[in-house]
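Look over the sequence and the model first.

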Amino acid sequence: MRSKRNPVSSVAKPYKPYLRDTYRKCQRHIKRPHSLISTKASPKQLSTYQRLPVGERLETDLITEVVVKRIEINQAQHRIFRPLVFAMLVTLSLTLHSDPKALYAEEPATNSSDSAFEQTVRPYLNRYCLECHGPEKQKAGLRLDQLDSDMIHGSDADTWQEVLDLTNVSEMPPDGAEQPSAQERQEMVAALTHSLRLAMEANRSTGGRNVLRRMTAYEYSNTLRDLLDLDLRFAIDLPPEGVAKEGFKNNSGVLGTSALHLEYFERIARSALERILLKPEAQPEPYFVRIQPELAFPEASNPTQPANPKKGKAKVPGYTLKQGADFDPGFNVKAGLFRLHHGEAIEGGILLAGNRPTDPVKDIFAADRKIGGALGAGRSGWQPEFCVEMYEVPHDAPVRVRIRCSAIPGLGNTYPRLSFELGSFRGNGVSDQKEAANIEISSTEMRIYEFIVEGANYPFQSNKPARPSYFRIFNDYRRGTSQLTYEQLPKLNIDWVEITGNYYETWPSRQHRAILFDSPSQFDETKYAQEVLKRFMQRAYRRPVAQEEVERKALLFHSLRESEPSFEYAMISTLTAILCSPNFLLLSEPETVVTADSKKVPKRAINDYELASRLSYFLWSSMPDEELFELAGKNDLHRKETLIAQTRRMLQDPKSKAFSENFSAQWLDLAGIRRLAVNPEYFDFDEPTKDLFEQETIRFLDHVLRENLSITKFIDSQFAILNPALARHYRIAGISGGFQVANLAKEEHRGGLLTQASMLFGNSTGAETHPIKRGVWVLERLLDDPPPPPPPNVPELPNGEAKDETQLSLKERLVAHADNDSCKDCHRKIDPWGVAFENYNALGQWREGKVDPLALSPHQEVEIDPRTQLSNGRTIDNLHSLKQYLLSEKKEQFRRAVVNKVMSYALGRYLEFADRKDVDLICGNLSDRDDRFQNLIEQVVLTEAFRTK
């Protein structure tokens, strides 16, 4: 029988204050395991903790293990309760580690707005407010003369914000009281806004230091992928991330950790480890399909039969997959089919073009027809395809696809694109699919192309064996907006296809053998467990681990081993604890902590392992690879020449696409695309086109990065990244194939970020343009000069309530909207920047004159007037004129804005005054190097801020 004694009694003395308090809370909450628990360190606990030597600092996961394993609760409670205990302890850990005041004991700077407050706000309050909110009378219980004017150190900032809001919308002073002039009100609002903004910045200040932060959801998913060599969508169920005011999700100030996060972290880690380690002794039988079309299709004929007179459409015969050498999915499995839609059967195989022979060539902007009915929604319209229907596919296992094919070049020596997708039919004419590969085939000789993907990432049928899963091959080189004939299109010549479900190169799998590797100590569980744990911890923690850390985890393993049925089960629980440890989940953890009465601690250079992580999470959004670990082990990574060489290597690695995707999405607010719905009364719009809007911007930034082009290309460029569907949306002729760099003519009115639909649609109403949103986007994202927030309860643009407003142009409606004393200053700064975009409708399509031909009737008649005047008096004729203004008179401000954005993303925090020296240095170096994007990133990596904490 297990002991009921207090588990804290056996723990070393320095840990007892934490354990005792935690243990009591645990006991109180055992019967309410779903209650949210928050623990903050007391001053005494903080002092005790800070006196501990660095090597003995408290590890949250250690306490979790001791408390959870020794509290007498049943197994079901244990599984539910562990995350909550861990949440308590992470909260404690974060309190001890990440509070800037606790870390550095650095008081915020003195409020520089004190004089402005006394000169502007105090006289305003005395004259207009204290009669109702002063010593003699306190309406609504508010007394303004006793509010603490120190916005930084005081506790009345929230009340001051309410005062600001009421003053801003002219609700105070109330009607009947003496009213201030418009100028007095504006000066008071400006002074109080400035004081509150300084307070906000001071309270979030870290003194220019990089403090610890949790991995974002996408960093967590990428890290598990690389650590476990398992490409699954780990973060799909994690709670949504917060967003910093600059748009970045990796900012330490918004990355909270809740009990829900930690429950998911444990569930995800355990599930992934069970998938790898709990494999049967015998390798699962493969599900193997081999298709040789010439064995079924009549030579040199199209198998499509004449139209069915009853249904009015062609019937495509299905050729049954035979049991035996060509088909072996297992016993008692329904035979599948393979079909050829709109392709050509030839001697020795089939040909797939991107379009059907009968597709019209004349109308280059006509939309593709869609596949419907029993064939499902399809991906690209009536496109030739080779489809294999399969039943009872192992849906949660690796899949290998081998395709033997060659290219038949098209006009201009163009080549086909091999694209295939995996999916299933859901019934009622609905299908679900996801592309697994898309590559150019340039060899005119037959070659075998092999792809291995995780079936769990694809929408196979898992619970309805009567409905098929399927495999589809396309040639993704479409005619698009070109006038290529069918004979001029490049074609894909397919000899045969093999599909293998339950595919494992070796058994046990390579992921299994990477964790439970071969060792002479394999039959000595005690010794082997330590070897396994040490190797895994070093990679998970992204640094060398001390022997005492390994021994702690080994103790946990042995305590679990007594009750677990096998070595693997006990190891899964132990490795799960490692993957729930702050050493894995947190980045940039400070090493030095001082007591509250100490003076400012000088910054220290981070060690090479910390530098490797900082570099890899900046450029790859994931953990370091073996080369970075090796350089860190040799203490070579911090050398300037090595750091630059590694930065260049990492930018050329395919994993750097994570930087292009995450940085562009957060900097440019691509999430705005998903927040809006297109109004069907205004536009006929295909919802999947939104994906193309996003891809255009990500691929554009990625191209500028990889080609080391100037960041001025973000303002204007002579090229765009288009595919045929985007070209059709923009009405640009001559685009065929897949995504490509397309040179632009002046009359196409494209180039740079400002003409991309991601920005134009994301800052519209989904029906009409929205100059205010577009203007704010330019100021915030490209010039780092955000306008002050609007006062509360600001109405939308007038929409015709008054009789004479129905005929107002957009510019006149803006004037009416801004006809308020508290709004004029802001709108004078914002509106002109947005009006310059008026030639682009809500979907980012060009229009001019008085008609938008791409809108639906009766919304085609519009007053398009992009001419405007900036607040400095500069006249802007249209967006082209605005671009030229940005590249001439605002170039330095734009350069500094981009540097600020990249640095903030790289450091995972807000930039502060202490970072200005580094920003100035980078801006100077960029100016001398033609503002090239890769040079900017290299300069950021070399800054003191990036290499210190």
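A residue counts as buried if its relative accessible area is under 20%. The model is predicted.

Q: Is F567 buried or exposed?
A: The cut-off for a buried residue is under 20% relative accessible area. F567 has 10% relative accessibility, so F567 counts as buried.

Q: What kind of ring pair do F557 and F567 form?
A: The ring centres of F557 and F567 are 5.2 Å apart, and pairing needs centres within 6.5 Å. Planes over 60 degrees apart count as edge-to-face. The planes of F557 and F567 stand at 65°, so the pair is edge-to-face.

Q: Which helices does the pair of F557 and F567 link?
A: F557 and F567 are 10 residues apart in the chain. F557 belongs to the helix of residues 547-561, and F567 belongs to the helix of residues 567-579. The pair therefore links helix 14 and helix 15.

Q: How many aromatic pairs are there by this rule?
A: Rings of Phe, Tyr and Trp pair if their centres lie within 6.5 Å. Some ring pairs join into a cluster, which includes F248, W667 and Y905. By this rule the count is 30 aromatic pairs.

Q: Which residue lies over the face of W620?
A: A Lys sits over a ring if its NZ is within 6 Å of the ring centre and within 35 degrees of the ring normal. At 4.1 Å from the ring centre of W620, the residue over its face is K655.

Methods. Residues numbered from 1 in each chain as written. Predicted model: local features only at pLDDT ≥ 70, side-chain atom pairs only at ≥ 80, totals over all residues. Heavy atoms only, no water. Phe/Tyr/Trp six-rings, centres within 6.5 Å; stacked < 30°, edge-to-face > 60°. Helix = DSSP H or I, 4+ residues; strand = E, 2+ residues; numbered from the N terminus. Buried < 20%, exposed > 50% of the residue type's maximum accessible area, 1.4 Å probe, protein only.
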